[in-house]
Every structure is written in structure tokens, then in C-alpha cells.
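User: I have a structure open and want to talk through it. Can you take my questions as they come?

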Amino acid sequence: QVQLVESGGGLVQPGGSLRLSCAASGSIFSIDTMGWYRQAPGKQRELVATIQDTSITRYADSVKGRFTISRDNAKNTVHLQMNNLKPEDTAVYYCTYARSGYLPYWGRGTQVTVSS
């Protein structure tokens with residue numbers, strides 16, 4: 001069993017920055033993939049970024065160059081540094097933990113609102 005708790009969401013102006021964090025507890029292994037997805041009102045949940053171990057990363061095209069995912073395996077945490085935020089980044093951001101052959105675990109989500 002894995003539990004995920006997100007933090008760091010909030011309201012920010014366009015062009016601003018936020019840093020999301022996700023604390024994982026339970027049976028956590030660095031080889032498994034952690035990441036972030038988001039869901040805007042009326043839209044499907046979409047991938048934002050994932051990381052396996054500490055260096056194998058994947059980003060959605062819409063966030064490349066603006067968002068950076070990182071992971072601290074000693075603390076079982078994953079972070080998402082979001083810079084140059086745009087109104088279209090507004091969504092609920094969900095942390096996820098995925099182990100090969102198993103259904104992924106999800107956090108409850110944290111709201112990010114980009115508005116002037």
C-alpha cells in the first residue's frame with residue numbers, strides 16, 4: 001500500500017512560479033515511477049511529468065522548458081517546480097506512484113490557479 005500527500009498549490013499570477021511537493025509513504029522503491037498529472041474543469045486527466053529513480057524524466061510538450069520534476073529517494077518525495085505559469089496551467093494536480101504490473105496510486109490532488 002502507498003499513500004501520497006500533495007502540497008504547494010495555490011493562486012499565482014501569469015508568469016509566476018509554484019513548487020508542488022508530494023510525500024509518499026508505504027512500500028516505495030526508486031525503480032518505480034512517480035509523477036504528476038493534472039485535470040482542468042471539463043477536461044480529461046493528462047500527464048504533466050514523470051520521473052523514474054532520479055534521472056529518467058518525461059514531460060508533456062506543453063510544459064517542457066517551464067516545469068522541472070525532481071525526486072528525493074531518501075525522503076520519498078517528488079517535486080514539481082513550475083515556472084512561467086500560464087492560465088492554461090490551471091488545474092488540479094495529482095501525484096502518482098506507479099509500479100510495473102500494478103494499478104497506479106493517486107493522491108487527492110492540489111489546486112493550482114493561474115490568474116491575474
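**Rings, core and sheet**

Analyst: I'll start with a charge over a ring: the charged end of Arg 45 lies over the ring of Trp 106, 4.6 Å from its centre. Keep in mind that this is a predicted model.

User: Which other ring does the charged end of Arg 45 sit over?

Analyst: The ring of Tyr 94, with the charged end of Arg 45 at 3.8 Å from its centre.

User: Switching to the inside. How many residues are in the largest nonpolar core?

Analyst: The largest nonpolar core has 29 residues, and Trp 36, Leu 80, Met 82 and Tyr 93 have the most contacts inside it. At least two residues of this core come from each of E1, E3, E4 (33–39), E5 (46–52), E7 (67–72), E8 (77–82), E9 (91–98) and E11 (110–114). As a general point, nonpolar side chains tend to be buried together in soluble globular proteins.

User: Take Leu 80. Where is it found?

Analyst: Leu 80 is in strand E8. Its relative accessible area is 0%, under the 20% cut-off, so Leu 80 counts as buried.

User: Which residues is Leu 80 in contact with, leaving aside neighbours within four places in sequence?

Analyst: Leu 80 is in contact with Leu 18, Arg 19, Leu 20, Trp 36, Val 48, Ala 49, Phe 67, Thr 68, Ile 69 and Tyr 93. In the case of Trp 36, the residue lies 44 places from Leu 80 along the chain, with 7.7 Å between the C-alpha atoms. Ile 69 is paired with Leu 80 as its bridge partner in E8.

User: What joins E7 to E8?

Analyst: Six bridges, with E7 and E8 running antiparallel. Both strands belong to an open sheet of four, in the order E1-E3-E8-E7, with antiparallel pairing. E1 and E7 are the edge strands, each pairing on one side only. From one strand to the next, the twist averages 15 degrees.

User: Which strand does E1 pair with, and which residues are on its covered face?

Analyst: E1 pairs with E3 (residues 18–26) in the antiparallel sense, over six bridges. On the covered face of E1 (residues 2–7) are Val 2, Leu 4 and Glu 6, while Gln 3, Val 5 and Ser 7 make up the uncovered face. Val 5 has Ala 23 as its bridge partner in E3.

User: Last one. Where is Tyr 102 found, and is Tyr 102 buried or exposed?

Analyst: Tyr 102 is in the loop between E9 and E10 (105–106). Its relative accessible area is 59%, over the 50% cut-off, so Tyr 102 counts as exposed. Tyr 102 and Asn 84 are 18 residues apart in sequence, and their C-alpha atoms are 35 Å apart in space.

Notes. Residues are numbered from 1 along each chain as its sequence is written. This is a predicted model: local features need pLDDT of at least 70, side-chain atom pairs count only at pLDDT 80 or more; totals for chains, interfaces and linings use all residues. Side-chain values use heavy atoms; hydrogens and water are left out. Buried means under 20% relative accessible area, exposed over 50%, partly exposed in between (1.4 Å probe, protein chains only). Two strands pair if DSSP finds at least two bridges between them. A nonpolar core is a set of buried Ala, Val, Leu, Ile, Met, Phe, Trp, Tyr and Cys residues joined through side-chain atoms within 4.5 Å. Contact means heavy atoms within 4.5 Å. A charge sits over a ring if NZ of Lys or CZ of Arg is within 6 Å of the ring centre and within 35 degrees of the ring normal. Axes are lines fitted to C-alpha atoms, for helices over the stretch in contact, and angles run from 0 to 180 degrees between N-to-C directions.
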